Amino acid sequence: MSPAPQPGLSLEALRTRIRAIEVPSPYRTVGFGAATVDAALPWGGLPLGCLHEAAGTPGDAGAALGFATALVTRLQKSTAGTRPVLWCLRGDTEHEIGNPYAPGLRSFGLSPKHVLLVRAPATAQVLWAMEEGLRAGGLAAVVGEVEDVDFSTSRRLQLAAEAGGVTALLVVPELAAVSGAVTRWQLSSIGGAEARPLHPRWHVELTHCRGGTPAAWELEWNHATYDFAVAAGVRDRSLEPRHERAQAAG
Amino acid sequence: MSRGTNGRKRRVKPFVTSAASAGGLRIVAVNLHAAEAGVLPGMPLADARALAPGLEVAAADPLSDNEQLARLAAWCGSFSPWTAPEAGGSGPDGAGIWLDASGCAHLFGGEEELLRELIERVQRLGFGVRAAIADTAGAAWAVARFGAAGAEGDSRCVLVPAGETQAALAPLPIAGLRLPGPTIEGLAVLGIRRISDLVTMPRAPLVARFGSIVTERLDRALGVVKEPISPLVPEAPYRERLGLAEPIGTREAIEAVLAHLLTDLCTRLDRDYMGVRRLDFALFRVDGNVAHVRIGTSRPVREPKHLARLFAEHLEGLDLGEGIEVLTLTAQTVEALAADQLEMPGPGLEHALASANVAALVDRLTNRLGADAVVRLTERQSHVPEHAGITVAAARSAPAEPVTPPAGRGERPLRLFPKPFLIEAVAPVPDGPPVLFRWRRVLHRIARAEGPERIAPEWWRTSLAWMTPWEETTRDYYRVEDESGRRFWVYREGLYPLATAPAQDEEGGEPFLPGMTPRWFVHGLFA
């Protein structure tokens, strides 16, 4: 029996009701350190114990990897620095995008000793290792770098993440049309500000968010405080979708 | 205690193997029926045919005999963790198998039961067998080969009770002391034919005539001198065994047996506050072959469920032949493991659980993907980028030394290529950063650059032969950002010649740079 639509109900109230149905239990969260990002997420921060997906643009693998590393650093710090991170990738990608590099992780604020790296021979084993890690529990996060993921695989990872209470992060070259992930992010590098050249800085677009609305920001990563911050010297473009800017520019 | 066995193929007709030797074909090995007809090893084949008219003959094949003996020795591993084949010809002093039966008898309910089961199983494989258990290796060897003729059939076993070694050895021929042929003949000339004759003899003349070998072998057989026959075996090895009345052939049945063995083993480990690091699960097939499944753990473990999951990966696709009749589980390496603290209340609980989970996870990943595939990232004190970050197998303990990055070190990229990529770069100033470069057929125009950070090879490593040439030159590293915001770590290899004006060549064309032209590489990616 479905309740009859009530004419007096506003769109916003309906959204709230749908959100309550879609989000079964309040997830524990970890904030981004940037208030505008946290406010845009229905949970008030990045929900834990579920799957997130991040994609770069072709030829720009660094942005998605950097965003994932930054998120993982925040997640790892939120466990009082006790829990390790499981990072799974295909071993033969080392000539394509390079090997994870301990001094580089330290530059980002993530202590290399908390990272457990799995270099699997094929994508199937990457996904297997991710699922094992998610179900085992006791980890700060599980990251997987894969070429593409179909809906049933991402759904499976989402269920494993919920079962083990571990946050999962998929780094893919391109976001798939459908996914079981709770939030999905599109990243691209942008040039550093004059004051802080060559600083990690990305255009971050939240393309899908269960129970939330898409949004976009320009964020930079502070590796000393482990915070994201809306990039200095750039006006807040969170209300301006990216394609409109592209049209304006081109 | 040790024991030798001696096996021959069972046939109903007289059967011998022969090999060519000086003076024609000679007998190498005989079966029981041939021996009853009077055929002996070493006899010319023609004589043997005269003694036993229906004689079957095959060419001797010592290589495959040795292989078969080694397989049988491995198969005997279901009785003792230490077995070794002893190659040799046929005849009483021929080939045999050593088993160290120390601490194994309780698994069978006693030494007699162990011997009986051994004989029964070896006979089922189609061998005649003679076996003995004694206090010393030498005595077991002698009794198995020359012991009182049991006379029923071609198989028999002798158990020499502890402390009765001398009495058991006394009536045996001196060949039972594992002496070389000439020594035996020399002793026979002196009228010494039985071991009892030797025991009472004064030793000095024996040593003077035959060297120390006779007295040495005698002392070893009697246990006066220890004979090192096996590597040190722990007093109570952690070993569980299950012999089955009916062979099993399904994975489910094997998993059930494994769970049973693991529970027993872990109960013993728990009692002794030990945990296992390496485990060997041996499946002894009905056809005499052995399959081994071995696992390792990253820390001492004694949880049956954890260990069972590690084995489960490997039981898939195991060749079970016609079935498995004996299964053993041996802890090859054990380490001390304190009593589980999981019952302890307090804030440490979650932490303890977490680390146990993570260790179990590392084991599962390592056992499936290999130790090279599951690694931790570590830093080392080195200026050379590719030496500063390395990986170590996660199953090994974490390196203890804390590493502080060298002072003044610039920012390092998130990803480092195992081998830098050569790029085409344009740098307007010889000592400056590039303004554009082409890599993977994409042109990158540089918007910002930072550097250089000069990294010279570590002087103490410069002349090592294993170094590739690109590790030996000075590099100037730049962090660069292209116009679309992508950030790279590039370097110029080698130094430009000093500012002395580049010599113009005769035609006054391109400036001529002596020495090598600098080359540019991309070495890593920043986020």
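## Starting with a definition

A residue is called buried when its relative accessible area is under 20%, and exposed when that value is over 50%. With this in hand, we can look around the structure, which is a predicted model.

## Chain A as a whole

Chain A has 250 residues, and 54% of them are buried. Its elements are eight helices and 12 strands. Among the contacts in chain A with a separation of 6 or more, 67% are between residues 24 or more positions apart.

## Helix H6 of chain A

Helix H6 of chain A covers residues 123–136. Its 14 residues should span 20 Å at 1.5 Å a residue, and this agrees with its end C-alpha atoms, which are 20 Å apart. Because 11 of those 14 residues are buried, H6(A) is largely enclosed by the rest of the structure. Among the buried ones are A:Val126, A:Leu127, A:Trp128 and A:Met130, and also the charged residue A:Glu132. Just after the helix, A:Gly137 takes a positive phi of about 75°.

A:Glu132 also takes us across to the other chain: it forms a salt bridge with B:Arg309, where the closest N and O atoms are 3.5 Å apart.

## Where the two chains meet

How many salt bridges are there between chain B and chain A? The count is five. The interface also has 18 residue pairs in polar contact. On the side of chain B that touches chain A, H13(B) gives the most, with 10 residues. The residues on that side divide into 26 nonpolar, six polar and 20 charged.

In terms of contacts, 52 residues of chain B touch 59 residues of chain A. Together the two chains bury about 4500 Å², 58% of it on carbon and sulfur atoms. B:Leu377, B:Leu414 and B:Arg415 supply 18% of the area that chain B buries against chain A, more than any other three residues.

## A salt-bridge network in chain B

The whole structure holds 39 salt bridges over all chains. Some of them link up: B:Glu117, B:Glu120, B:Arg121, B:Arg124, B:Arg241 and B:Glu325 form a network.

B:Arg121 forms a salt bridge with B:Glu325, with the closest N and O atoms 2.8 Å apart. B:Arg121 lies in helix H4 (residues 111–124) of chain B and B:Glu325 in strand S12 (residues 324–336), so the pair ties together parts that are 204 residues apart in sequence. For B:Arg124 and B:Glu325, the closest N and O atoms of the salt bridge are 3.3 Å apart, and here the partners are 201 residues apart.

Is B:Arg124 buried or exposed? At 55% relative accessibility, B:Arg124 counts as exposed. B:Glu325, in contrast, is buried, with a relative accessible area of 6%, and B:Arg121 is buried too.

## A buried histidine

One more stop in chain B is B:His444, found in strand S17. B:His444 is buried, with a relative accessible area of 4%. Its side chain makes a polar contact of 2.9 Å with the side chain of B:Asp482. Beyond its neighbours within four places in sequence, the residues in contact with B:His444 include B:Phe437, B:Trp439, B:Arg486 and B:Phe488.

Definitions and conventions. Residues numbered from 1 in each chain as written. Chains lettered and ligands numbered in written order. Predicted model: local features only at pLDDT ≥ 70, side-chain atom pairs only at ≥ 80, totals over all residues. Heavy atoms only, no water. Helix = DSSP H or I, 4+ residues; strand = E, 2+ residues; numbered from the N terminus. Expected span 1.5 Å × (residues − 1). Buried < 20%, exposed > 50% of the residue type's maximum accessible area, 1.4 Å probe, protein only. Contact = heavy atoms within 4.5 Å. Buried area = accessible area lost by both parts, 1.4 Å probe. Salt bridge = Lys/Arg side-chain N within 4 Å of Asp/Glu carboxyl O. Polar contact = N/O pair within 3.5 Å; in protein donor to acceptor, adjacent residues only side chain to side chain.
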